[in-house]
Amino acid sequence: MGNNCVKLKKSKAEIAPCEFVQDSPVVVLYGSPAVPLTSYIRFALHHKTVSVRMVSAETPVLGRDTLVLQCGSDTVSGSRETLMRYIESRFPRPPLVANGGDDWDGTTPLIVTATRLQHRSMTWHIERMVRWAEDLAARGGRGAVDPRVGSPRMEVKKFARSYGQLLELMLEHAQMEERTLFAILEKADRGLSKAANEEHARDLPIMNGIKEDIKSIGVLDSGTPAYQEALSSVSTRLKSLQEHCKQHFEAEERDLLPLMEAVELSEAQDERVLEQCWDAMQGTHSHLFRFFIEGLPPHDTMTYLALIIRCSDQDRAAAMLRLLIE
């Protein structure tokens, strides 16, 4: 799994293959920037490498929540699904919607879909940290090939910052599960989530220990035997964490998440649990939201953003989505 969906500033993520770049007309969007759907559609169009002109429009005819998309002689308005069907048809590459729709089918609880997508993002970030640690250890204190990475000490600081962000995301995700999924399952059948809770407690010291080990590398002289040994140790511990997380996520998705369907939440309860998820993830879904989304491929990103715009607090949903386009 890889990501090419979120880095909206000048980066490799914005360099589309030549076959994607065509002489497309400018798409004009009429709507309110404060409405989450507006940011959602702008985000989708950006990754179609389409030129977009946003026109703020709140009129008695359109209404605050109506978004109108104009492309050449075409004018389209309606639901998110209607707008995305048009965008996928008019600009088929690169595809942003898998199998023509979202990853939920009306029977899978929304919180289950959100949890699976969070697992995918964290898995991608852990894999990236493992590869980075292996590269650092292999170079043994030598600078990176790309001078923009900086000196070895500068790179280790970036490595530490990135791991700190991942750690914060993983801790908040674990708290979210304990407050929502596990609480619901425990109410249905006491003891169902005992093993998963124990694994959360087991992995916390490991994750914090890796953070301290990385911090200690920053004060060592690069290229020394102690520096090399510390890098190798961090690389090994990250691989161990990666395996633990892989097994943990697979166990949850195999043994626990399917039980949420058996709970038979009502539609209102389903929406309320999803709201509790956003409440629990407030930290990472504000200052670390771009980091989180970076770990998802395009179609998973669009599914996750579609979950967010269901949020009853539309101001909060709009603020989260604006973090990706501003």
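Reader: Which residues of α1 are buried?
Author: Keep in mind that this is a predicted model. The buried residues are Pro36, Leu37, Thr38, Ser39, Tyr40, Ile41, Phe43, Ala44 and Leu45. They get that label because buried means under 20% relative accessible area.

Reader: Why is helix α1 called largely enclosed?
Author: Helix α1 spans residues 36-46, and nine of its eleven residues are buried, so the rest of the structure largely encloses it.

Reader: What covers those buried residues of α1?
Author: The cover includes the strands β1 (27-31), β2 (52-56) and β3 (68-71). It also includes the helices α2 (80-90), α11 (298-308) and α12 (314-325).

Reader: What makes β1 and β2 a pair?
Author: Two strands pair if there are at least two bridges between them. β1 and β2 have five bridges, in the parallel sense, so they pass that cut-off. Within this pair, Tyr30 stands opposite Val55 in β2.

Reader: How does α1 lie relative to the strands?
Author: α1 lies across β1, β2 and β3, and runs at about 170° to β1. α2 packs on the sheet too, where it touches β3 and β4, and its direction makes about 145° with that of β4.

Reader: In what order do the four strands form the open sheet?
Author: The order is β2-β1-β3-β4, and the pairing is mixed. β2 and β4 (74-77) stand at the edges with a single partner strand each, so one side of each has no neighbour in the sheet. From one strand to the next, the twist averages 20°.

Conventions
Residues are numbered from 1 along each chain as its sequence is written. This is a predicted model: local features need pLDDT of at least 70, side-chain atom pairs count only at pLDDT 80 or more; totals for chains, interfaces and linings use all residues. Side-chain values use heavy atoms; hydrogens and water are left out. Buried means under 20% relative accessible area, exposed over 50%, partly exposed in between (1.4 Å probe, protein chains only). Helices (H or I, at least four residues) and strands (E, at least two) are DSSP runs, numbered from the N terminus. Contact means heavy atoms within 4.5 Å. Axes are lines fitted to C-alpha atoms, for helices over the stretch in contact, and angles run from 0 to 180 degrees between N-to-C directions.
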